Amino acid sequence: DEDIDSSIMDCSNCMRCDNACPSSVPLSQMHNTARGEYVDEQMDKLSREYIRNRILSNYRTMAELGSKVPRLTNFVMGLGVTKLFNEKVMGITSEREFPEFATQTFREWWDERDGPQVRDEDKRVAYFHGCYSNYNTPEVGKAMVRVFESFGYEVVVPVQRCSGTPMFANGMLDDAKRAAGINVGNFSGLIADGYDVIASCTSCSMSLKQEYPELFDLEGIEDVSAHTFEAMEYLRIHEDLEGALSESSVSEQSYAYHAPCHARNQGLDRQAVELFRELDGIDIEDVGSSCSGISGTYGWKEEKYDKSMKIGEEMFEHMHHASGNVGMTECPTCSMQMEHGTGYEIRHPLQVLEEALV
């Protein structure tokens, strides 16, 4: 019968508490539920914080509009006056560079290529590309499709909404449930036809695998959870990926690899290092277990920016001491933070797989 303390909004939803608890208490689920109750019952819906958080949570809506005129949007969002307005009026930090929209979204590319290029009733995957790979880094989605097709998989890309990760982190559970309903409805039907669900973002796979069944009661949700995999995880389970890479090579490059918190929660924190350490042309170094600090929308908030960068200091330091000057991670917002804190170019592991195998 006690009110939820406002400090619940300081939780960044990194979900490390789940691993830290020796008694396996589902702390992140409790935090998500409490945050949703706090936003619903105690937060002023006309406050700057609520409006800002609602906008950040629904990035897909804003990205869909911005990507209609990507060059104009990129120009406007890069202006100093826009950054100043966002900080003073919306509470979005002016310290960060807004991620650029691609001139062609992943889904536009997918439609232009006329869908699947491989048909196979026994090897089928449905790709959950998420918002960022669609609107900002379609090259990651293209790499995923090309790599899976090179192994003979039939790839389909159903209609989808945001995974809900930024909504969980900001207590917008009603928004998250609406998105989850669309995603579960569209993907669960494909599972019955022999498809598994593949995500190129570890936060997206985490959302579908763990947070959906913890928070929502939707028909088909358990099937989606049981059949969702991170892309490289899936290939390592079902294909001889290490064997394929042992016969491949890439242009020489040293990488500083950061494992996202949501990869750690799925037991995937070492997979890129294990996979690429024997690949000819690559030198890869794990930069440690520290959190990047950005935690999705958390590091974009004006009042959280300094804390975000303080959390990321250890990662930045390890990256600077690593032999590589190119970063690698599976998480798009970790990628933003890595680039912001070091100035390094950041690549997704799937892009390296594409170079090696395709």
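Let's start with a term: helices here are DSSP runs of H or I with at least four residues, strands are E runs of at least two, and both are numbered from the N terminus. This is a predicted model, so local features need pLDDT of at least 70, side-chain atom pairs count only at pLDDT 80 or more, and totals for chains, interfaces and linings use all residues. Residues are numbered from 1 along each chain as its sequence is written, and side-chain values use heavy atoms, without hydrogens or water.

First topic, a helix pair. Helix α14 spans residues 231–238, and helix α20 spans 349–357. Their axes come within 10 Å and cross at roughly 50°. Axes are lines fitted to C-alpha atoms, for helices over the stretch in contact, with angles from 0 to 180 degrees between N-to-C directions. That makes α14 oblique to α20; oblique is what remains after under 35 degrees (roughly parallel), over 145 (roughly antiparallel) and 65 to 115 (roughly perpendicular).

Who meets whom? A231, M232 and L235 in α14 meet P349, L350 and L353 in α20. Contact means heavy atoms within 4.5 Å. The contact residues are six nonpolar, no polar and no charged. Nonpolar covers Ala, Val, Leu, Ile, Met, Phe, Trp, Tyr, Cys and Pro; charged covers Asp, Glu, Lys and Arg; the others, Gly among them, are polar.

Next, salt bridges. The structure holds 19. Each is a side-chain nitrogen of Lys or Arg within 4 Å of a carboxyl oxygen of Asp or Glu. One joins R124 to E154, with the closest N and O atoms 3.6 Å apart. R124 sits in strand β1 (124–128) and E154 in strand β2 (154–156), so this pair links distant parts of the chain, 30 residues apart.
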